[in-house]
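Work through the exercises below with the sequence and the structure at hand. Try each task before reading its solution.

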Amino acid sequence: MASATLRRRLHHGDVDGRKYERYDATDSETLSEPLLGSSSTDNSRDEYNEERTLEDIWEEERKRQQVHWTLIFSQLIAQWAQWIAKIVFGSGSIFGRFLSLPSFGQIGTGGRLLPPPLSMLQEERLRNIKRRIEIPFDGSRMEHQDALKQLWRLAYPQRELPPLKSELWKEMGWQGTDPSTDFRGGGYISLENLIFFAKTYPESFQRLLHKRDGTRADWEYPFAVAGINISFMLAQMLDLQSGKPSTVAGIRFLGLLEEDEMAFDNLYCIAFQMMDAQWLAKRASYMEFNDVLKSTRAQLERELALDDVSSIRDLPAFNLLYK
């Protein structure tokens with residue numbers, strides 16, 4: 001997909017009677033960036049870059065590589081320790097246990113992990129996810145308009161469907177009267193994710209939509225826009241915009257695709273419920289959303305790396321959907 005410069009306006013709401021607004025111009029292919037949270041201004045970034053010396057840059061790169069290799073070796077050591085423990089304390093075939101260990105792939109050039117060979121089914125399902133990620137939301141397309149209407153009916157089955165531009169959409173957590181302006185960072189797949197969540201796990205969806213769990217902040221995260229951010233976060237975490245995923249989470253996700261064609265959508269629902277649980281645990285408010293999302297990503301990465309996870313239902317956080 002050709003790159004296009006997107007100029008978007010984020011209305012962050014009123015705080016103490018003042019409106020917070022930010023304009024971004026970014027070159028984007030499909031998913032571009034999260035829609036919530038604050039970032040440094042261009043001037044501060046320029047000043048920061050000017051102050052950095054070549055020595056600073058090399059030192060930063062050296063530390064990044066050191067952390068990267070430390071992570072890889074720690075993963076390998078952990079896997080060998082578990083394997084040895086199973087030999088010493090377990091029973092059964094040694095070779096059978098060796099073959100059953102999860103594979104994180106080999107290490108290729110640049111220190112990136114190489115995914116194991118994929119089956120035809122995995123290849124097909126991976127292509128389908130990539131295709132979905134590349135579809136931008138287009139408010140002029142009837143299919144996309146119908147999907148928005150479907151989401152409203154699933155969210156509020158007893159209420160009348162409002163026009164596509166209405167103040168009522170803000171109740172679902174859109175930032176303005178026109179939901180189509182909030183999709184630029186997440187694309188059409190983020191709307192598909194929300195619809196899947198509402199249809200597949202309706203009780204969990206309604207709990208999060210209406211903020212029924214826990215003691216909530218005075219300034220809550222907007223439900224719908226948070227969902228767009230989660231779609232974006234997952235695509236990044238699983239490395240789905242590269243040729244083939246080369247992160248540990250991405251490679252483990254390829255294994256889940258073998259068992260579940262809708263693994264991405266199911267993982268989205270888990271991530272959304274997990275994010276809300278993190279939100280409550282941290283007693284967070286709106287401006288802390290990005291920190292909560294980072295914690296959610298870290299927890300999800302840890303769960304995907306567990307040895308006994310071979311399907312979505314094996315993830316510990318899956319039970320949050322049925323609490």
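**Exercise 1. A salt bridge in a loop**

Task: Find the distance between the closest N and O atoms of arginine 159 and glutamate 171, and decide what their contact is.

Solution. The model is a predicted one. Step 1: the closest N and O atoms of arginine 159 and glutamate 171 are 2.8 Å apart. Step 2: a salt bridge requires a side-chain nitrogen of Lys or Arg within 4 Å of a carboxyl oxygen of Asp or Glu. The pair forms a salt bridge. Step 3: both residues lie in the loop between α5 (142-155) and α6 (188-200), so the bridge ties together parts that are twelve residues apart in sequence. Step 4: arginine 159 has a relative accessible area of 35% and is partly exposed. Glutamate 171, with 44%, is partly exposed as well.

**Exercise 2. The packing of α8 and α10**

Task: Describe how helix α8 and helix α10 pack, giving the angle and the distance between their axes.

Solution. Step 1: two packed helices are described by the angle between their axes and the distance between the axes. Step 2: α8 covers residues 223-237 and α10 covers residues 263-282; their angle is about 125° and their axes are 10 Å apart. Step 3: roughly perpendicular covers 65 to 115 degrees, and roughly antiparallel begins over 145. The two helices are therefore oblique to each other. Step 4: their crossing is right-handed. Step 5: among the residues of α8 that take part are Phe223, Ile230, Met233 and Leu234, and the α10 side includes Phe264, Leu267, Tyr268 and Phe272.

**Exercise 3. The packing of α4 and α9**

Task: Which term describes the orientation of α4 to α9, and which residues make the contact?

Solution. Step 1: helix α4 (residues 120-133) and helix α9 (residues 248-259) have axes 9 Å apart, at an angle of about 105°. Step 2: this angle makes α4 roughly perpendicular to α9. Step 3: α4 contributes Leu121, Gln122, Arg125, Leu126 and Ile129, while α9 contributes Phe253, Leu254, Gly255, Leu257, Glu258 and Glu259. Step 4: methionine 120 also lies in α4. With a relative accessible area of 76%, methionine 120 is exposed. The C-alpha atoms of methionine 120 and glutamate 258 are 9.5 Å apart, although 138 residues separate the two along the chain.

**Exercise 4. Covered helices**

Task: How many residues of α9 and of α7 are buried, and what covers those of α7?

Solution. Step 1: in α9, nine of the twelve residues are buried, so the helix is largely enclosed by the rest of the structure. The buried residues include Val248, Ile251, Arg252 and Phe253. Step 2: helix α7 (residues 202-209) has six buried residues out of eight and is mostly covered. These are Ser204, Phe205, Gln206, Arg207, Leu208 and Leu209. Step 3: the cover over the buried residues of α7 includes α5, α6, α8 and α10. Step 4: after α7 comes lysine 211, with a positive phi near 50°.

**Exercise 5. The chain as a whole**

Task: What share of the residues of the chain counts as buried, and how many helices and strands are there?

Solution. Step 1: 43% of the 323 residues count as buried. Step 2: the chain has eleven helices and four strands. Step 3: its accessible surface is about 17,700 Å², with 53% belonging to carbon and sulfur atoms.

Conventions
Residues are numbered from 1 along each chain as its sequence is written. This is a predicted model: local features need pLDDT of at least 70, side-chain atom pairs count only at pLDDT 80 or more; totals for chains, interfaces and linings use all residues. Side-chain values use heavy atoms; hydrogens and water are left out. Buried means under 20% relative accessible area, exposed over 50%, partly exposed in between (1.4 Å probe, protein chains only). Accessible areas come from the Shrake-Rupley method with a 1.4 Å probe; for residues, only the protein chains shown count as cover. Axes are lines fitted to C-alpha atoms, for helices over the stretch in contact, and angles run from 0 to 180 degrees between N-to-C directions. Angles under 35 degrees count as roughly parallel, over 145 as roughly antiparallel, 65 to 115 as roughly perpendicular and the rest as oblique. A crossing is left-handed if the near helix is turned anticlockwise from the far one by less than a right angle, and right-handed if clockwise. Contact means heavy atoms within 4.5 Å.
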